[in-house]
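Morning, everyone. Please have the sequence and the model up on your screens.

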Amino acid sequence: MRNYLKKKRHLIALIMAVVMMCAGCGIPLSQKVEESNLTITVEEYVNTKAAQGEDTVISVDLLAVGDDLIHSGLYKSGMNDSGAWNYDHLYKYVRNDISEADIAIVNQETILVENHDNISSYPSFGSPTEIGDALVNAGFDVILHASNHTMDKGAAGIQETMNFWKTKHPEVTVLGINESQEAADTIQVVECKGIRFAMLNYTYGLNGYVLPEDQPYLVNLLDKDKVAAAIAKAKEISDVVVFFCHVGDEYVYEPSEYSKEWVDFLLEQGVDIAIDSHPHVLEPYTMLTGADGHQMLVYYSMGNFISTQDDVPRLLGGMAKITVEKHISANDTSIVISDYTLEPLVTHWNHSTMTYAVYKLSDYTDSLAAEHGIHSVSSKAFDVETLNQLFNDIMNTTVTPATGVLGDSGTDGAV
């Protein structure tokens, strides 16, 4: 039963008991826990409460951010003559939030390369694998790799990226790229505290690059029939379906017609949470209700997580925080999205001082804003008040309904 309610987040002793005993992700119901000095499984704990006529509520906190867009200033900031490059400084001011989330997700916009001589920036990106190390150190559990830049280093770059994650960080879930057709057909499920999250990641295109004929599975490309089949399979093996869609018009504060058509399609298919990326600026978020009463939370764009783009709106991003609850009783089980927010972020960069980092806007200061490199390339106001006002203006933007339905051609006007 999928019953989504927007209500005030509440913590009761029973929630805390389960959450504290099985803190962390990837914990199945067979995980051992302590209860009254006895070691039991979460499943046994739930069954005991049900037998006593008590409901159990298990809570999982999801966190998701936008585009990790690695321009040259960012990768140069971690270079070291010894070859031991490090990028932990980019994410250190948001690390606590990321690490505290049960499941943390980032859209890795750029492909990763092992060879430092092969790194590059716009228009064809190749980022050092040490960026991936820093993301893991910051606390990210799920990496999205399906973007329009995924083929920037060809099939070899994708293979190199997959090898990096597989050998260096096998505990991380990587979405959007696949080493085989079998892998492409497999739905990735992230289980946390007994809640199973099926996660899918697709992109509208590859900036004109074409997948090799003998490796059409390398990147998940949006296709109506394939997406519908994948969602149907995902619903059978999970409690919650989360769809990450790389689509939209760049630098526009309202989702494109094509984006909205895809959102409508995902709602019709029964997706529970849809998170879009690609515009590089913020767009609103909301809870939608389908004709059948099914509800889907959608974030149309969270902008850039980090970049050195040179326009004020592109330096303002967002950090989605979503609480998913599993309500278990003797007779029923339901999933509830009990809370959802968007925390504004700001990218700080200064090429002269080689200073780069992402901050929560609530932690950013006018002193830092005065030192931002944006002042060297733009005359627009850039201070805390301006950023807060911009965030509020975008979040209050009215999203008009799609005027049509998703066609079968798969074409897109996105750039």
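One term before we start. Helices (H or I, at least four residues) and strands (E, at least two) are DSSP runs, numbered from the N terminus. Now the ground rules. This is a predicted model, where local features need pLDDT of at least 70 and side-chain atom pairs count only at pLDDT 80 or more, while totals for chains, interfaces and linings use all residues. Residues are numbered from 1 along each chain as its sequence is written, and side-chain values use heavy atoms, with hydrogens and water left out.

Let's go to strand β12, residues 273-277. Is β12 enclosed or open? Five of its five residues are buried, so the rest of the structure largely encloses β12. Buried here means under 20% relative accessible area, exposed means over 50%, and partly exposed is in between, with a 1.4 Å probe and protein chains only. In a regular strand, side chains alternate between the two faces of the sheet. In β12 both faces are covered. Ile273, Ile275 and Ser277 are buried on one side, and Ala274 and Asp276 are buried on the other.

Who are the neighbours? Strands pair if DSSP finds at least two bridges between them. β12 pairs in the parallel sense with strand β11, residues 240-246, over five bridges. Phe243 stands opposite Ala274. From β11 the chain crosses through helix α9, residues 257-269, to β12, and this β-α-β crossover is right-handed. That is, with the strands pointing away from the viewer, the path from the first strand over the helix to the second runs clockwise. β12 also pairs in the parallel sense with strand β14, residues 295-299, over three bridges. There, Ala274 stands opposite Val298.

On a 1 Å grid over the protein atoms alone, a cavity is a set of points where a 1.4 Å probe fits but cannot get out; a pocket is an open set with protein on both sides within 12 Å along at least five of seven lines; lining residues have an atom within 4 Å of a point. Grid points are joined across faces, edges and corners, and a volume is the space filled by probe spheres set on the points.

The count is three cavities of 30 Å³ or more.

On to the pockets. The largest has a volume of about 510 Å³. It is lined by 25 residues, and Val174, Leu175, Ile177, Asn178 and Gln188 lie nearest its centre. β10 (195-203) gives the most to this lining, with four residues.

The second largest pocket has about 350 Å³ of space. Seventeen residues line it, with Gln181, Asp185, Tyr202, Asn220 and Lys226 nearest its centre. α7 and α8 (224-236) are the elements that give two or more residues to this lining. The largest share, four residues, comes from α8.

Last stop, Asn148. It lies in the loop between β7 (142-144) and α6 (154-168). At 2% relative accessibility, Asn148 counts as buried. What does its side chain contact? It makes polar contacts with the side chains of Asn207, at 3.1 Å, and His246, at 3.0 Å. A polar contact is a pair of N or O atoms within 3.5 Å; within protein, one must be able to donate a hydrogen and the other to accept it, and residues adjacent in sequence count only if both atoms are side-chain atoms.
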